[in-house]
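Work through the exercises below with the structure open beside you. Try each task before reading its solution.

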Amino acid sequence: MELRKTTVHRVAEAVLQGEITAHQLIDITLKNCGVLNEGLNIFTAVAGVDASEQARAVDQKIKQGKKLPLAGIPVVVKDDLCYGVLPTSLGSSAFSEFISPVTAAAVERLMDAGAVVIGKTNLDDMGQGSTTLSSPRGATANPWQAERTAGSAGAAAVATGICMLAVESDSGGALRQGASHCGVAGLRPTTGRVSRYGLNAHCSSFARVGVTAFSCENISGVLDIISGFDERDAATAVCRDGIQENIKAPGSEDITIGYPVTVFDFLEPELREVFEQARDEFAGHGYKIKEIELGLLREGLQAYYVIALAEASSSHARFDGIRFGKTGAADNLHNMYFQSRAEILGQEARRRSIFGTFLLGKGNYGRYYRQASKIWQMVRREFEGALKDCDLLMLPTSKNLPRPLQGQSSFLDQWSDDLFCAPVSLSGLPALTIPAGQIEQHPVGMQLVGPPFSEKTLLNVGSASEHKN
Amino acid sequence: MDDRSAGLDKAIEAIKIGVSDPERNQLHIELDQFLDWLEPMLGVDTGDQEGLLFSHDAVNVLREDSPRQSDPAEIQEAAPSFAGGFYLVPKIME
């Protein structure tokens, strides 16, 4: 059974009907893992025995008559999301043996529905980045071109067929860029739709938990399962009385897609061509295309980094060797703090913490942070304004192909890769990355952005686009 | 030492992160690059725009205040170290 060529629904049905047991399916999946992962560096931990036990438990529940909608579906989990059996490294070598006492809400819900966690996936230093280049375990290679980064290891796992779903965090765009670079679909949901309980978020204002899968249909199959109120995450209070889905009629002729011409100021020519082709294909399928202005993309990216760094400096404060993390060897308390924090936080996390503290310092707060919070408001209103005239917006996901594994790129080059994702994060709106085309046989994705709780419309449009291509 | 450099050193001291001298020097260079990179954002006329502090509009999201049972054994199990009825932590008093 090749997981890339089927759907979550079909596989779960096969398990429920007894065509294959969950244990057999996971056994095959784990055997394939080693081969498919060769040279890619996808995993921080593979479940092994635990995955087999989970699968046996699923088979047992099926025997008891339970209709599990995700029976036996192999899932990977980004390593900043807690899973109470495998280590949760948070992207720091200091936590490589940390077993969390809790399991993230989204993972818990998938497991309750019959999914089986087969491993934890690689991530940047303390989850900060969209390349995995700053991972203490080394970067994850792209399954399409092994000399480039995958963007996210979960997307690489889905693209290779190691698993059917990846549960991942997305703050400035890691999930979306990974999906774009690996040629798969990735959904960042509306603020409050999916509980972040069990996520180690470095910037809580923008961190969300989403799903990556080989197709939009597969994401649709799990969206309802992971969505909804969770008293352990106050942001989900918007779903306390149920989710008011914002579903647009499925006919393409009823849907207007906003097309921001301002992106051309920043896109490399070859990516511009792919984006224009995607627009033409949507038009060819009957969607109305409306040119719009999004004039604050660059400034939105910069505002995102000011706020994200300020929040990181605060959220990293707990990693002091006493509350969290190994205690560094030192002769006095002062040195112990310095030593512990230097060991826990890698270079990227140290840079972000230090810059974030600087931005919040006297004189800098008003100049940088307050200005950034105003830009945040302006970007949000700009997106809301664009969606008054359109049902959805289309945006590139990345402004360039994935970065080479070897070679120099400055921290600002890497931060700038979030140009089209970070402003969407500011908006709080849901965004779906879908494959848009290829450059030299390398996949390139694009984002569909919609109003709050329009995920099902995004997935319908994305799915129709996949089938027509 | 200019304001930026002094501010950076103060930030490093404030958040207690050990950095080597070469890393500190590199951070000074990178901070200049970063702040220059932010210039376009600073140039935006935000007028009397109010800043945004939360990414959603939800208010009063506290859960109902109701008593619940907790399981001390579960908490003890999750603690890094527990002995004689106490949670053991690194010594911080000198």
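Two residues are in contact if their C-beta atoms, placed from the backbone, lie within 7 Å. Keep in mind that this is a predicted model.

**Exercise 1. The contact between the chains**

Task: Find how many residues the contact takes from chain A and from chain B, and describe the side of chain A.

Solution. 
- Step 1. Chain A puts 51 residues into the contact, and chain B puts in 38 residues.
- Step 2. Look for the helices on the side of chain A that touches chain B. α9, α10 (333-344), α11 (347-359), α12 and α13 (411-416) of chain A each supply at least two residues.
- Step 3. Pick out the main contributor. α12(A) gives the most to this side, with 12 residues.
- Step 4. Sort the side of chain A by class. It has 25 nonpolar, 17 polar and nine charged residues.

**Exercise 2. A helix pair across the two chains**

Task: State how α11(A) and α2(B) cross, and which residues meet.

Solution. 
- Step 1. The axes of α11(A) and α2(B) come within 11 Å, and they cross at roughly 60 degrees.
- Step 2. Angles from 65 to 115 degrees count as roughly perpendicular and those under 35 as roughly parallel. The two helices are therefore oblique to each other.
- Step 3. The crossing of α11(A) past α2(B) is right-handed.
- Step 4. From α11(A) come A:Arg351, A:Ile354, A:Phe355 and A:Phe358; from α2(B) come B:Leu27, B:Glu30, B:Leu31 and B:Phe34.
- Step 5. By class, this contact has six nonpolar, no polar and two charged residues.

Task: Now follow B:Glu30. Is it buried, partly exposed or exposed?

Solution. 
- Step 1. B:Glu30 sits in helix α2 (residues 21-37) of chain B.
- Step 2. A residue is buried with 20 or more other C-beta atoms within 10 Å, and exposed with 12 or fewer. B:Glu30 has 18 C-beta neighbours inside 10 Å, so it counts as partly exposed.
- Step 3. Leave aside its neighbours within four places in sequence. B:Glu30 is then in contact with A:Arg351 and A:Phe411.

**Exercise 3. Two helix pairs inside chain A**

Task: Describe the packing of α9(A) with α12(A).

Solution. 
- Step 1. Helix α9 (residues 297-315) and helix α12 (residues 364-389) of chain A pack at about 125 degrees, with their axes 8 Å apart.
- Step 2. That angle makes α9(A) oblique to α12(A).
- Step 3. Their crossing is left-handed.
- Step 4. The contact includes A:Ala303, A:Val306 and A:Ile307 of α9(A), and A:Tyr368, A:Tyr369 and A:Trp376 of α12(A).
- Step 5. The contact residues divide into 10 nonpolar, two polar and one charged.

Solution. 
- Step 1. α2(A) passes α3(A) in a right-handed crossing.
- Step 2. A:Ala22, A:His23, A:Ile26, A:Asp27 and A:Leu30 in α2(A) meet residues of α3(A), among them A:Ala51, A:Ala55 and A:Val58.
- Step 3. The classes here are six nonpolar, two polar and three charged residues.

**Exercise 4. The core**

Task: Find how many residues the largest nonpolar core has, and trace the contacts of A:Val116.

Solution. 
- Step 1. The largest nonpolar core has 161 residues.
- Step 2. Those with the most contacts inside it include A:Val75, A:Val116 and A:Val306.
- Step 3. α9(A) gives the most to this core, with 11 residues.
- Step 4. Skip residues up to four places away in sequence. A:Val116 then touches, among others, A:Ala22, A:Ile26, A:Ala51, A:Ala55 and A:Val58.

Task: How many residues of helix α5 of chain A are buried?

Solution. 
- Step 1. Eight of the eight residues of α5 (residues 153-160) are buried, so this helix is largely enclosed by the rest of the structure.
- Step 2. α5(A) is followed by A:Gly161, whose phi is positive, near 90 degrees.

Definitions and conventions. Residues numbered from 1 in each chain as written. Chains lettered and ligands numbered in written order. Predicted model: local features only at pLDDT ≥ 70, side-chain atom pairs only at ≥ 80, totals over all residues. Axes fitted to C-alpha atoms, helices over the stretch in contact; angles between N-to-C directions. Helix = DSSP H or I, 4+ residues; strand = E, 2+ residues; numbered from the N terminus. Parallel < 35°, antiparallel > 145°, perpendicular 65-115°, else oblique. Left-handed = near helix turned anticlockwise from the far one by under 90°. Nonpolar A, V, L, I, M, F, W, Y, C, P; charged D, E, K, R; others polar. Core = buried A, V, L, I, M, F, W, Y, C linked by C-beta atoms within 7 Å.
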